[in-house]
Amino acid sequence: MTRLRILLVAALLAWPLPALSVQPDEILDDPVLESRARNLSAGLRCLVCRNESIDESNADLARDMRLLVRERLVEGDSDAEVLTFITDRYGEYVLLRPTTEGVNIILWVAAPALFGITLISSLIYLRRRDRAPDPTGDGLTPEERKRLEDLLKE
Amino acid sequence: MIVELGHFALILAFAVALAQAVIPMLGAHKGWRDWMVVANPLASLQFALVAFSYAALTYAFLVSDFSVKLVVDNSHTLKPLIYKISGVWGNHEGSMLLWVLTLTLFGACAAWFGGNLPASLQARVLAVQSAITAAFMAFTIFTSNPFTRLAFPPFDGTDLNPLLQDPGLAFHPPFLYLGYVGLSMSFSFAVAALIEGRVDAAWGRWVRPWTLAAWVFLTIGIATGSWWAYYELGWGGFWFWDPVENASLMPWLFAAALLHSAIVVEKRETLKSWTILLAILGFGFSLMGTFIVRSGLLTSVHAFAMDPERGVFILMILAAFMGGALTLFAFRAPILEAKGVFATISRESALVVNNVLLSVSSFVIFIGTMWPLVAEMLFDRVLTVGPPFFNTAWTPFMVALAMVLPIGSMLPWKRANLSRAMQPLWGLAVFSVAMGAVTWALQTGHSPMVPIGIALGLWVVLGASADLWMRTGRGALGNRLRRLARLPRADWGKASAHAGVGISVFAVAALLGWETEDIRVVQIGGTYYYGGYDLTLASVDRVQGPNYTSTMATIEAHREGRHITTLFPEKRFYPIAGMPTTQAAIDRSITRDLYITLGDPQDSGGWAVRTYIKPFANWLWFGCFMMALGGVLSLSDRRYRIAAGAARKSGPNSAVPAE
């Protein structure tokens, strides 16, 4: 929890610093590497910002991380290797796309599981409604039927 | 003095709210008519007192009364008038007062326009609503009092957060609150009906306008927030999956589900307990949203009250109301027997599918938003759930929704024949898919996103038009056109809202899939070519605003030698708040936005400039507008005005509990 609190304080101090996020001098000459770098940095969280990726953030730390990503790519790392490199240093917290390891599997399975359960239970409900006899035939309560008869007599 | 009067009025209103929460409820229980009807004047009185209190706070902002702490923290004498007014709700304490004001406004509306409700139901609705109001008044008075005075007033204030000094954001919070709080009305109706033990078609008809109004306000609130983010944050994003945005999207999805299932209650008297549950959950999620924003438990771009004590207070309100309502639901739901019978293939079933998709998709957002908290507290893992997760886990639900929407809205009630309902739709489906395929073949790149977006968008829009056209019956073209003009507004509302969904789906896909971006250094006087435009950086000047200084670039855009427009991207600095902001310059058009932001001066001379071409961006706001318009049209339908007489006939006699 203390770690989170430090991050919160850091976030308060460091946001926002509008200017350009990706600076012209950061851009790699090789367009293929550059687009890979952009893709990777869109998936990495800026540590001192509130919920921004390093690709969107203007913080200095985000710039350092962008440069680090590009450095690794120029050295010939694959995308996966870059991500491992970054998470080894900054922790799982930087990954905007949570991993599927350990308890995170609950997070990923929750949506399809919940959908399956509700779909099946509503199908069962619908089948039952389909077979259920109409409770009164015309859907009127006894008082309503009496009122209807009175009205018809008038 | 006026500030003290405002403070006093708020405390008085709190006392009135407590009385209104108890007396009518007891009266309804015992059958004492005079105790029940006292709710109406009390609701009006409450609203008048809070309105006065709010006006007093606004007055303090207008005259820049710097002996009030809130004004010092959020205002400045140089601030433009409109932001002095919007500054009242641009902070935690003031926004809570606005929240309370909206609660009492809705309560008063239920008193003023609820004359056709059975007396005991109206008394109970007003009592429940007042209990909610009392809880939030206590929160405001005891933990976040906007009227706190300072012993030593400073000469000037510290100014409002510059990001909030913007017309888009000035009106974003009030609409959002009207939406959040509007759902409290549906909640009050649901709880009152549970206590009453009776949910019938009339209940469905009463609860639907409130839900519809809340949904329209939420739609406008979310859309203005997203529109603001698009031009203010400097890179043209419109949705960030930020916890606070999620907090508004979750109740929006629930409200959408609720207003559809309330139709089933109204027309077919079935799905009753499910509708009640949705009404409870819808408001539950808007309380959850308040909790997320105010507690600062989740790091977010918006959080403006990082205070655990307030968080705990709201959590207690949430626990009390949700716990109470759900317990009541567990005891009472079984007696809400369904009346209408329907086949598996029918409009009712289609609306069940709609409800399943909307509410499960809302839960997915909930799980994703809360997961970092759960993972840290229970499993000691500090992690992030960001946009990639939500895009992957949530989007399929919306795709599925768009796919079934046109079919479901064409199915007849009770018993449907799928192949007959599909008859007018087959052609449209084939055409939409074909257009998607053509786009896929013509576009550069292989991303299927935009083709799918086009196919789905067309399918939904054409489906909505076909639905409207089929309502005109058979016969000659002229007759059908005449009938089209005379269709009930609810039909037009339905078509407009559904078409809005289709347009938004298309716009989001096109914007995300086809957007292009360029970052470069431009010398003053230099020209660069991008996306079909010759862009010249004519000059960069220093400009003095009312309470900021600005670095403003002048960029001339030409296309094939013809002058298109002049753009002025800015970087502003607010010296009092000590904060810089970016103002993007946008040339808007139907097919694309040309979006330019100015960066820093470079050591090598020249300025960093970022240029985006954002295709069909305006269609997104237009889609949201169509959805909101649909809601308004439906709300103005004749049915809600003539329903008054119909309900009065079955009024007091039928209000006997069902047990």
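Strand β2 (residues 527-530) of chain B runs antiparallel to strand β3 (residues 533-544) of chain B, and the pair is joined over four bridges.

**The β2–β3 hairpin of chain B**

- β2(B) and β3(B) make a hairpin that has two residues between the strands.
- Gly531(B) sits in the turn and has a positive phi of about 55 degrees.
- Across the pairing, Tyr528(B) has Leu535(B) of β3(B) opposite it.

**The domains of chain B**

- Chain B is assigned domain 1 (1-161), domain 2 (166-409) and domain 3 (516-618).
- Between domain 1 of chain B and domain 2 of chain B, the C-alpha centres are 24 Å apart.
- Where these two domains touch, domain 1 of chain B contributes 25 residues and domain 2 of chain B contributes 25 residues.
- On the domain 1 side of that contact, the elements giving two or more residues are α5 (81-86), α6 (92-113) and α7 (119-143) of chain B.
- Of the elements on this side, α7(B) gives the most, with 10 residues.
- By residue type, the domain 1 side that touches domain 2 of chain B has 15 nonpolar, nine polar and one charged.

**Where chain B meets chain A**

- The contact between the chains brings 48 residues of chain B together with 43 residues of chain A.
- Two helices of chain B, α14 (347-379) and α15 (387-410), each supply at least two residues of the side that touches chain A.
- Strands β1 (516-522), β7 (579-583), β9 (592-601) and β10 (607-615) of chain B also each supply at least two residues there.
- α14(B) provides the largest share of this side, 12 residues.
- The side of chain B that touches chain A divides into 27 nonpolar, 14 polar and seven charged residues.

**How confident is the model of chain A?**

- The average pLDDT of chain A is 78, and 80% of its residues score at least 70.
- Within chain A, confidence is highest in helix α4 (residues 79-90), at a mean of 90, and lowest in helix α1 (residues 2-14), at a mean of 39.
- Over residues 1-19 of chain A, pLDDT stays under 50, and the model has 27 contacts beyond four places in sequence for this stretch.
- Where pLDDT is low, the predicted coordinates should not be read in detail.

Notes: Residues numbered from 1 in each chain as written. Chains lettered and ligands numbered in written order. Predicted model: local features only at pLDDT ≥ 70, side-chain atom pairs only at ≥ 80, totals over all residues. pLDDT = per-residue confidence, 0-100. Contact = placed C-beta atoms within 7 Å. Domains from an automatic or database assignment. Nonpolar A, V, L, I, M, F, W, Y, C, P; charged D, E, K, R; others polar. Pairing = 2+ DSSP bridges.
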